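Subject: Structure handed over, with notes

Hello,

Here is the structure you are taking over. Please keep it open while you read the notes that follow it.

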Amino acid sequence: MTKTDAMFWSGETLRERLAPLIEPFAPERVDCAAYTLAVGPEVYVSPNDQTTPPTTVTVRNLAPGDAFTIPPGQFAFLLTEEIVAVPADALAFISIRAKTKFRGLVNVSGFHVDPGYRGQLTFAVFNAGPVPIHLKRGQPIFLIWYASLDRETAVKKDGTIHMGIDPELITGIAGELQSFAGLSKKVKDVDKALGDRIHALEKEQTYYRVIGAVALALMIALTVNWLKDAFTSRLPAPQAVIAPQPAPGP
C-alpha cells in the first residue's frame, strides 16, 4: 500500500473487513462510512448533591435493557457492548451519534483508537444539557470510523484485551461534582433561607416596637401621674374663711 492509498473505509469496506474486528458484528449497524456501537454492561455516573453519600458511588453493572440517567452537569463513563480491534494498518476514530449529542451529551474522552488496540471502548461523556439524559444498555449511540494508514505500523498497542471500565478512571473523579444546576439550586435555597430569616427578624422587630411603645406609654402615664401628685402636694393648704359676726343690738 502506498501513501496515496491512505483513506477512510467506505461502507462496503466496513462490511468486508469488520466481521473479525468487531464482536459481535451486525452488518445492519454499518451507517454510511461508520459503524454504530451500543452501550455495554458497565456504567459509572458521577454523584451529585442528591447522592448520599457520594463516596459510595462506583461502577454499576447493567443487565440487558437496564436504563440509567446522567443528570445535568455530571460526568459518566460508558462502556461499549462490542469488543473492538484495530489492525496495524489502520486507525479508528470515535464519536457520539448526532441525535444524542443534540440532547447535550458531549464526548470528552479521546477521539481515536490506536493501531493494535483490542477490547471494549470506554467513552467519557459530560451532560452539558439542562435535563437528565436517559440511556439504556444495548442502545446504539456511538460511532466508529476506520482509516487506512500509508503502511502497516510496528508502533502499535501490545494487543492486551481491555475489558470493563478501569477503576483508575473512577478514582480521578470520585466524590460529588458541583454542576451548574446543583449550584443554582443551592443559591436559590440559600436565598430563600435568607429571605425567611429577614422576614422573621422584621416580625420580631415589629413585636419589640409594639412592646416598646406600650412600655413607653405606660412610663409616660406613670410619670405624669407622679408629677401631678408631686405638684399637688407642694401647693399651700387653703385658708378657712371666717364669716363676720353681726353687731349686738341696743
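**The largest pocket**

Strands β10 (112-113) and β12 (122-127) each give at least two residues to the lining of the largest pocket. Strands here are DSSP runs of E of at least two residues, helices are runs of H or I of at least four, and both are numbered from the N terminus. The model is predicted, so to speak of local features a pLDDT of at least 70 is needed, side-chain atom pairs count only at pLDDT 80 or more, and totals for chains, interfaces and linings use all residues. Residues are numbered from 1 along each chain as its sequence is written, and side-chain values use heavy atoms, with hydrogens and water left out.

The volume of the largest pocket is about 420 Å³. Its lining has 19 residues, and the closest to the centre are Tyr-117, Gln-120, Leu-121, Thr-122 and His-162. A pocket is found on a 1 Å grid over the protein atoms alone: it is an open set of points with protein on both sides within 12 Å along at least five of seven lines, whereas a cavity is a set where a 1.4 Å probe fits but cannot get out. Lining residues have an atom within 4 Å of a point. Grid points are joined across faces, edges and corners, and the volume is the space filled by probe spheres set on the points.

Which strand gives the largest share of this lining? It is β12, with three residues. By class, the lining has nine nonpolar, seven polar and three charged residues. Nonpolar covers Ala, Val, Leu, Ile, Met, Phe, Trp, Tyr, Cys and Pro; charged covers Asp, Glu, Lys and Arg; the others, Gly among them, are polar.

**The second largest pocket**

The second largest pocket has a volume of about 260 Å³. It is lined by 14 residues, of which Val-45, Ser-46, Val-57, Thr-69 and Pro-71 are the closest to its centre. Two or more lining residues come from each of β3 (34-45) and β5 (67-70), and β3 gives the most, with three. The lining divides into eight nonpolar residues, five polar and one charged.

**Salt bridges**

How many salt bridges does a search of the whole structure find? There are four. A salt bridge is a side-chain nitrogen of Lys or Arg within 4 Å of a carboxyl oxygen of Asp or Glu. Three of them are described here.

- Arg-29 and Glu-82 meet at 3.4 Å, N to O. Arg-29 is in the loop between β1 (22-23) and β2 (30-31) and Glu-82 in the loop between β6 (75-80) and β7 (83-85), so the pair ties together parts that are 53 residues apart in sequence. Arg-29 is partly exposed, at 24% relative accessibility, and Glu-82 is buried, at 3%. (Buried means under 20% relative accessible area, exposed over 50%, and partly exposed in between, with a 1.4 Å probe and protein chains only.)
- Glu-81 and Arg-137 have their closest N and O atoms 2.8 Å apart. Glu-81 is in the loop between β6 and β7 and Arg-137 in the loop between β13 (133-136) and β14 (140-148), 56 residues apart. Glu-81 is partly exposed, at 26%, while Arg-137 is buried, at 17%.
- Lys-157 and Asp-114 have their closest N and O atoms 3.5 Å apart. Lys-157 lies in the loop between β14 and β15 (161-162), and Asp-114 in the loop between β10 and β11 (118-119), 43 residues apart. Lys-157 is partly exposed, at 40%, and Asp-114 is also partly exposed, at 28%.

**Backbone points**

Most residues other than glycine have a negative phi, and most peptide bonds are trans. Cys-32 is not a glycine, yet its phi is positive, about 55°. Cys-32 lies in the loop between β2 and β3 and is exposed, at 67% relative accessibility. The peptide bond that joins Glu-23 and Pro-24 is cis, with omega about 0°. Pro-24 is in the loop between β1 and β2.

Is Tyr-44 buried or exposed? Tyr-44 is buried, with a relative accessible area of 0%, and lies in strand β3. The C-alpha atoms of Tyr-44 and Leu-78 are separated by 6.8 Å, although the two residues are 34 apart along the chain.

Regards
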